[in-house]
Amino acid sequence: QVQLVESGGRLVQAGDSLRLSCAASGRTLGDYAMGWSRHAPGKEREFVAAISWKGGSTEYVDSVKGRFTISRDNAKNTMYLQMNSLKPEDTAVYSCAASAPLAGRPVVVTTIHQYDYWGQGTQVTVSS
């Protein structure tokens, strides 16, 4: 079992930056591919960013490319999402997730249903 706890979400203005953190416990974070998703009111949960278990490979949804950066520090059992140039449409609950290294899964997991453990989420609100 992996327990994940997000932090760092808050109300900001358009153009501001935020860094979200995801702290893991229970298992070594380095055993898992990790990712961030977001869920806005009235919309489906959306994949945002993913990172391989060593951090060498990353993927992003098109709408955040060039603005968001995912990273991880396995020694600290923590993953991050640096969000720059925030827009009102980035407003959502952001959740981190871990994907177990099962046979057939890619090293960078961009499909939400392939994540096995989820945090409770942290609210990011971007005002215009």
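Buried means under 20% relative accessible area, exposed over 50%, and partly exposed in between, with a 1.4 Å probe and protein chains only as cover. The model on screen is predicted: local features need pLDDT of at least 70, side-chain atom pairs count only at pLDDT 80 or more, and totals for chains, interfaces and linings use all residues. Residues are numbered from 1 along each chain as its sequence is written, and side-chain values use heavy atoms, with hydrogens and water left out.

**Stop 1: the whole chain**

Select everything and colour by secondary structure. Helices (H or I, at least four residues) and strands (E, at least two) are DSSP runs, numbered from the N terminus. On that basis the chain has zero helices and 11 strands. Turn the model along its principal axes: the C-alpha trace spans about 45 × 25 × 25 Å.

The radius of gyration is taken over C-alpha atoms, and the globule rule is 2.2 Å times the number of residues to the power 0.38. For 128 residues, a compact globule would have a radius near 14 Å, and the chain agrees because its own value is 14 Å.

Colour by accessibility next. Buried residues make up 45% of the 128 residues. Accessible areas come from the Shrake-Rupley method with a 1.4 Å probe, and for residues only the protein chains shown count as cover. The accessible surface comes to about 6,400 Å², and 48% of this surface belongs to carbon and sulfur atoms.

Contact means heavy atoms within 4.5 Å. Of the contacts in the chain with a separation of 6 or more, 59% are between residues 24 or more positions apart.

**Stop 2: the cavity**

Rolling a probe the size of a water molecule over the atoms shows where empty space is left. Here, on a 1 Å grid over the protein atoms alone, a cavity is a set of points where a 1.4 Å probe fits but cannot get out, and lining residues have an atom within 4 Å of a point. Grid points are joined across faces, edges and corners, and a volume is the space filled by probe spheres set on the points.

By this rule there is one cavity of 30 Å³ or more. About 30 Å³ of space lies in the largest cavity. To see the lining, select G35, W36, S37, F47, A49, A97, I112, Y115 and W118.

Which strands each supply at least two residues of this lining? They are β4 (33-39) and β5 (46-51). Strand β4 gives the most, with three residues.

Colour the lining by class. Ala, Val, Leu, Ile, Met, Phe, Trp, Tyr, Cys and Pro count as nonpolar, Asp, Glu, Lys and Arg as charged, and the others, Gly among them, as polar. The lining has seven nonpolar, two polar and no charged residues.

**Stop 3**

Go to G26, in the loop between β3 (18-25) and β4. G26 is exposed because its relative accessible area is 58%. Leaving aside neighbours within four places in sequence, G26 is in contact with Q1 and Q3.

Then select T69 in strand β7. T69 has a relative accessible area of 42% and is therefore partly exposed. Not counting residues up to four places away in sequence, T69 touches Y60, Y80, L81 and Q82. A line from T69 to S37, 32 residues away along the chain, gives a C-alpha separation of 13 Å.

**Stop 4: two positive phi values**

Select N77, in the loop between β7 (68-73) and β8 (78-83). Although N77 is not a glycine, its phi is positive, about 55°. Is N77 buried or exposed? With a relative accessible area of 17%, N77 is buried.

Move on to S85, in the loop between β8 and β9. Phi of S85 is near 50°, again a positive value in a residue other than glycine. S85 counts as partly exposed, at 41% relative accessibility.

**Stop 5: the loop between β9 and β10**

Select T111, in the loop between β9 (92-99) and β10 (117-118). At 29% relative accessibility, T111 is partly exposed. Between T111 and A50, 61 residues apart along the chain, the C-alpha distance is 9.5 Å.

A103 is also found in the loop between β9 and β10. A103 is exposed, with a relative accessible area of 82%. End by drawing a line from A103 to S128: the two are 25 residues apart in sequence and 44 Å apart in space, C-alpha to C-alpha.

Definitions and conventions. 1 Å grid on protein atoms, 1.4 Å probe; cavity = no way out; pocket = protein on both sides within 12 Å on 5 of 7 lines; lining within 4 Å.
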